[in-house]
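Have a look at the sequence and the fold, then read on.

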Amino acid sequence: MFSTKLGFAVVGIILNSRVLGKGSHTCALKGSSLNLSCSAEHSTIPKWFNLDGTTWTEVLVNGSRLKHQISKDTHPTLSVTGLTKDDKTSYCCNEKPENCHEDHIQLTVTALQVKVFPTTDGPTVTLMCSTACTLTDRPAAYIWYRNSELLYHDWSPWYQEMVTSDKTVSYSCAIKGYEALRAPAVTVEWVSSTCFTVSYNDGRMCLYNHTSVKGPCSITYPTVVSRSCSLMKSVSITKPVA
């Protein structure tokens, strides 16, 4: 279904990437940290570069901010902490930036979201703990919460029960080991045979002029779009932040 764009606080949890080779991709949670390994053989100690527009720029250690750290060895590891959407780019470990176009790692940064789907089982919906891309490190388990209290752990991203409307109940999810990166809670406010209304406690609704405002948002799907976000006269619903 359609969904709001979601934002998250940054926390420092380490996500160890696999050794990634030529033309590879990796997907990591927003707010986590990532280690990228340099596995290629070089005649001299290589450097790390990232793609800034169309230019490969050397990655520099950020001093006191500790955004980037690079190990001092013949196969330097690049560590990126507190991943944000601005870190979504390509990275390259090589002696020369001109070689990076053929040998680089494309990083996608995604956030958790509780997606809501209609069912054929009466006035109910089903929930899924979702990301916009498949995480490189496969989740060990999904954790579900109701009204901020732990419900259970499960290997499946799908919530175990059908959900009926109840404005006093909210649902959220997280991945085991990354509990601080919990998805914004969603409340199923109303369900009928033709549509349903859900409300996210932290989202981003987009105006038709391509500007956006962050805050609590309410969506009725599929017949109309309603909103509880301030400063908005008309909204569109967009896909989750990657």
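## A hairpin to start with

Arginine 146 has glutamate 149, in β13, as its bridge partner. The two strands involved are β12 (residues 142-146) and β13 (residues 149-154), which run antiparallel and are joined by five bridges. Strands here are DSSP runs of E with at least two residues, numbered from the N terminus, and two of them pair if DSSP finds at least two bridges between them.

What does asparagine 147 do in the hairpin of β12 and β13? Asparagine 147 takes a positive phi near 50 degrees, in a hairpin with two residues between the strands.

## Where the numbers come from

Keep in mind that this is a predicted model: local features need pLDDT of at least 70, side-chain atom pairs count only at pLDDT 80 or more, and totals for chains, interfaces and linings use all residues. Residues are numbered from 1 along each chain as its sequence is written, and side-chain values use heavy atoms, with hydrogens and water left out.

## The five-stranded sheet

Elsewhere, five strands make up an open sheet with mixed pairing, in the order β2-β9-β8-β4-β5. At the edges sit β2 (24-29) and β5 (55-58), each pairing on one side only. From one strand to the next, the twist averages 30 degrees (axes are lines fitted to C-alpha atoms, and angles run from 0 to 180 degrees between N-to-C directions).

Four bridges hold β5 and β4 (residues 47-52) in an antiparallel pairing, and leucine 51 stands opposite tryptophan 56 in β5. As background, side chains in a regular strand alternate between the two faces of the sheet.

## Two salt bridges

How many salt bridges does the structure hold? There are two, counting a side-chain nitrogen of Lys or Arg within 4 Å of a carboxyl oxygen of Asp or Glu. One joins glutamate 58 to lysine 47, with the closest N and O atoms 3.9 Å apart. Glutamate 58 is in strand β5 and lysine 47 in strand β4, 11 residues apart. Glutamate 58 is partly exposed at 35% relative accessible area, and lysine 47 is also partly exposed, at 43% (buried means under 20%, exposed over 50%, partly exposed in between, with a 1.4 Å probe and protein chains only).

Aspartate 87 and lysine 67 form a salt bridge too, their closest N and O atoms being 2.7 Å apart. Aspartate 87 lies in the loop between β7 (78-80) and β8 (90-94), and lysine 67 in the loop between β5 and β6 (68-70), so the pair ties together parts 20 residues apart in sequence. Both aspartate 87 and lysine 67 are buried.
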